[in-house]
Amino acid sequence: MHGTPHIVGDVMTRSAVTVRRATSFTDIVRIMRDQHVSALPVLGGGRRVTGIVSATDLLPKQAFRESPPDHSERLRRLADTTKADGTTAGDLMTSPAITAGPDTTLAEAARTMTQARVKHLPVVDGQGFLVGIVSRADLLKVFLRDDEEIAEEVRREVVSYLFPGPRSSVWVEVHGGIVTVRGRVGDPDLIPAAARLARAVEGVVDVEFAPTEDGGTGRP
C-alpha cells in the first residue's frame, strides 16, 4: 500500500571529505573551513570508518585555552578535557562512529540522529567501507517535494484504498506540504486512520480533513 520510502542513498553526499587518524588538529580545522563541512569521517585501513570528528570535538581546545581546568573540573568533564588535550583525529574522534547504510530509510536515520544526538552519519556498505555521509539537512530535503507529487501519492496510497467510490467522493489538495482532504467519505470512522497514513507520506507537513458530512475542518 505504501509508496517506496526515500532512503539515505537518495540524499547522502557521496564524495565525503575524510581524514586519517594521524591528521593533525590544525589540518582538521583547515579542511573543515576549506570544504565547508563540520564533520569528517575518520578512516582506518582501506575506507573503513573508525570514527568521526566534528566541530564539537574541537571546541574544548578553545574552551579551556585561557583557563585550564582544575582537578575537580577535569574529573567532572573528563570527555571534554581529554579532547582539549587531543592533537590528532585519532585523539579527538568519536569512536565507534554511529553509521547508517545506504538503504536505511530517512525516518530510521532521523530517529538514529535524534536518539544519539548527532548531526551527521557516515554511510557504510555491508563491509563497513565508507560510501557517503548524510546530515540533518539532507534528511529534511524530502520536505521540498513538489506539492502535486505529494497529492498524487496521497490519492494513490491512501484515498483510493480507504475511500473508494461510489460511496465516497474525495479530492486532495496540497499547499506547502499541508494536505487537505475534502469531500464525502463513505466511512467517517476511517478518517483517523487516513490521517495517520497521509502523515506517513514523505514530505507531508500536516493533514487536515474537511468532510462534507459535518462541514467541519479538523486535524485527526
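What percentage of the 220 residues in the protein chain is buried?

1. Buried residues account for 40% of the chain. The model is a predicted one, and it contains ten helices and eight strands.

2. The accessible surface of the protein chain is about 12300 Å², with carbon and sulfur atoms contributing 53% of that area.

3. Strand E4, residues 120-124, is mostly covered, with five of its five residues buried. His120, Pro122 and Val124 point one way from E4, while Leu121 and Val123 point the other way. In a regular strand, side chains alternate between the two faces of the sheet. Both sets in E4 are buried, under 20% relative accessible area.

4. The pairing partner of E4 is strand E5, residues 130-135; the two run in the antiparallel sense and share five bridges. One of the bridged pairs joins Pro122 to Ile133 in E5. Pro122 is also one of the buried residues listed above for E4.

5. Five residues lie between the strands in the hairpin of E4 and E5. Gly128 in this hairpin takes a positive phi near 85°.

How values were computed: Residues numbered from 1 in each chain as written. Predicted model: local features only at pLDDT ≥ 70, side-chain atom pairs only at ≥ 80, totals over all residues. Heavy atoms only, no water. Buried < 20%, exposed > 50% of the residue type's maximum accessible area, 1.4 Å probe, protein only. Helix = DSSP H or I, 4+ residues; strand = E, 2+ residues; numbered from the N terminus. Pairing = 2+ DSSP bridges. Areas by Shrake-Rupley, 256 points an atom, 1.4 Å probe, with all protein chains shown as cover.
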